[in-house]
Amino acid sequence: MENKSKDYSREDLMQSIPDFINGEISDIGLSNAVRNLIETDNDFKNEYDEINKTLSFFTKAEFPEPPDNFFNNLPVRINERIKPNIPLTENSGVFQYFPKVWKIIIPALTVILIAAFFLFRQENTDPVLTKSENTSPVQERNNSTNSGSENQIEKKDNFFTGSDKSLTDPGITEKETNSNTELNQKTKNTNIRKHEVISDQKSNNLISDNTTFENENKSEDVSVYENNDTDIAGTDFADIFDIDESNEIEDTGEIEIEESELLNSGESDVNLQNEFRELSPSDQQEILNVLKETKI
Amino acid sequence: MNINSDDELLIAAFKAGNENAFNFIVRKYQKRIYMLIRKMVLDHDDADDITQDVFIKLYRSLNNFRGDSKFFTYLYKIAVNYSINHLNRKNKLNKRNSEFDETNEFHSYDSANDFSENTDEKDRSEILKEAIETLPEQQRAVFIMRYYENLSYEEISRILDKSVGGMKANYFHALKKIGSCLKKNKIFENVLH
C-alpha cells in the first residue's frame, strides 16, 4: 500500500477522513489525496466506511434536552450561589477595615465597659443599702466577738472613757439612721430579726464576759463612774443622740425587744437580771443608756 | 446592553461593577456550556452542577481575564477542564469498585444481543452514551468539541493547551473507538442498514 500523495503521510490522510466526510478540508491537495487513496486502497476504504457509519449514527442520535424551564432557572441558581459572596464586598460596613481579631475584641470590650459602669453606678447610688447588706451589724458583732476577750475589755474601757470611735463617730450613726429611714417595713422586720440575733449573741457575750464586767465594776471606784456620768452624757452621747425622733422611736422599740429577750433568755439571764437589779438606779440607767446606744 | 451584546462590552461592564452584565453572559452561554458538559459527563444532574460551578468560577475570575484569547475559548476551557476533572474523579471511584464494574460490563455486553435485536426500541441516546463512555477524557472532549460544537482543531488545541496534530489524532481515534463499540453491539447492521 503506497501513499498516493508524497506531501502527506498515510497517518495524516487517515486522520483527515472525518473532515473529508464532513467536507471540512480547506486544503484541496489534501482532499484530493484522501479521495485518491479511498479509490485505490481497500484498507483505507474500509476505514473510511467505518468512520462514515459512525458519524451517520451520531447524526441520528441526539442528546436529550434538559427539563423545561431549566435554562430559566439556571441563572437564578447560579446567582444564589454567588450572592453570599457579594455582601462581603458591599455590606460589610465599618468592620471590613478592622482585622478579624478586632471584630471580636471591640464588642467584648464594649459589653464589659457597660457592665462595669452599671455596677459601679449601682454601688454609688445605694451605698447605705449595700453597707447594711454587706457589713451587717451581725457580722460586725461576730468579728468583734471573734477578736477575743482582751479586745472586748479594751473596747469597753474605751467606751466608758468615750474614746470608742465606732460609737462616737457621728458618720456611722448617721448612716445607720439613714438606713433605718430608707428601708421599708419589710426591711424593718428583717432589722428586728437581725437585732434579735444580735441580742442573743450579746447575751452570750454578756454571760461569757460577765466576770470581766464584774471585775471592772468592782475594781473601779463608783465615784469615778458618777463623775463621768455627766461627761459621758454631755459630750460623747450628745453626738450619739443626735438623731431623728422617729429613728429614736424605732431604736427604742427594737431595744425593748432586745431587753425582753435578754430577760427571757434562760437561767443565766435570771442571774444577770438579779445582778442588774442589785445595781443602783443610776448604774442601771447608765447601763440601759449604753445598751441603747450600742443597740445591743 | 443585552444578551446579544458583544462579549467585550459585557466583560467591560462587569469589570466596571455592573452585576447585570454577568447575568447577560450567563444567559448568552448557558445553553452551549450546559450541552457541552452534558455530552461530556452524560448525566443531567452532574451537568447541572458543573455548569453552575463553571459560571461561578467565571464570576470569580472574570476580572483577571485580559482578552488574550477569545472569551468563548476561555469559557470553554473552564467547562472542559471541570468536566475532565469530574470524569477523572468518577473513574477513580469506579476503579475502587472494579470487580463490580467488570460484572456490570459483562452483563451489558451479554445483553447486547437482545439489545441488537431491539435496537429501534432502544433509545439511541443510550447507545450514544455507552459509546462515549468508552472514550478517555481527552478524546471525549475533543470528539464533542469537534463533532458537536464544530470547533476547529486550532480552537480545541487552545482550549486544551495541546498541539493541533494531537487534536486531530485524538478525534480520529475517538471515532474509531466509538465505531468499534457500535460494531461490538451490532449497531451497524441493525441501525445503519
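A nonpolar core, as I use the term, is a set of buried Ala, Val, Leu, Ile, Met, Phe, Trp, Tyr and Cys residues joined through C-beta atoms within 7 Å. Buried means 20 or more other C-beta atoms within 10 Å of a residue's own, exposed means 12 or fewer, and partly exposed lies in between, with C-beta atoms placed from the backbone.

**Ground rules**

I am reading a predicted model, where local features need pLDDT of at least 70, side-chain atom pairs count only at pLDDT 80 or more, and totals for chains, interfaces and linings use all residues. I number residues from 1 along each chain as its sequence is written, and chains are lettered from A in the order in which they are written.

**Core**

I looked up the largest nonpolar core and found 64 residues. The members that touch the most others are B:Ile33, B:Ile37, B:Ala79, B:Val142 and B:Ile156. α2(B) gives the most to this core, 12 residues. In general, nonpolar side chains of soluble globular proteins tend to be buried together.

I then followed B:Ile37. Setting aside neighbours within four places in sequence, B:Ile37 is in contact with B:Ala47, B:Ile50, B:Thr51, B:Ala79 and B:Ser83. I take contact to mean C-beta atoms, placed from the backbone, within 7 Å.

**Chain B overall**

I counted elements next. Chain B has 11 helices and zero strands. Helices here are DSSP runs of H or I with at least four residues, strands are runs of E with at least two, and both are numbered from the N terminus. Of the 193 residues in chain B, 36% are buried. Among contacts in chain B between residues at least 6 apart in sequence, 62% join residues at least 24 apart.

**Helix α2(B)**

I checked α2(B) for a bend. There is one of about 50 degrees at B:Tyr29. The bend is the angle between axes fitted to the seven residues ending there and the seven starting there. B:Leu42 follows α2(B) and has a positive phi, near 70 degrees.

**α9(B) against α10(B)**

At what angle do α9(B) and α10(B) pack? I read about 105 degrees, with the axes 8 Å apart. Axes are lines fitted to C-alpha atoms, for helices over the stretch in contact, and angles run from 0 to 180 degrees between N-to-C directions. The two helices, α9(B) and α10(B), are therefore roughly perpendicular, a label for 65 to 115 degrees. α9(B) brings B:Tyr153, B:Glu154, B:Ile156 and B:Ser157 to the contact, and α10(B) brings B:Val164, B:Met167 and B:Lys168. I sort this contact into four nonpolar, one polar and two charged residues. My classes: Ala, Val, Leu, Ile, Met, Phe, Trp, Tyr, Cys and Pro are nonpolar, Asp, Glu, Lys and Arg are charged, and the others, Gly among them, are polar.

I looked at the loop between α9 and α10 of chain B and found B:Asp161 there. Its phi is positive, near 55 degrees, in a residue other than glycine. B:Asp161 is exposed, with 8 other C-beta atoms within 10 Å. Most residues other than glycine have a negative phi.

I moved on to B:Cys181, in helix α10 of chain B. With 18 C-beta neighbours inside 10 Å, B:Cys181 is partly exposed. Leaving aside neighbours within four places in sequence, B:Cys181 is in contact with B:Glu130, B:Ala131 and B:Thr134. B:Cys181 and B:Ile127 are 54 residues apart in sequence, and their C-alpha atoms are 9.5 Å apart.

**Chain A**

Buried residues make up 12% of its 296 residues. Among contacts in chain A between residues at least 6 apart in sequence, 74% join residues at least 24 apart.

I found A:Asn69 in the loop between α4 (42–60) and α5 (70–82) of chain A. Phi of A:Asn69 is positive, near 65 degrees. A:Asn69 is exposed, with 8 other C-beta atoms within 10 Å.

A:Gly29 sits in helix α3 (residues 28–40) of chain A. A:Gly29 is exposed, with 11 other C-beta atoms within 10 Å.

**Where the chains meet**

Technical notes
Two residues are in contact if their C-beta atoms, placed from the backbone, lie within 7 Å. Angles under 35 degrees count as roughly parallel, over 145 as roughly antiparallel, 65 to 115 as roughly perpendicular and the rest as oblique.
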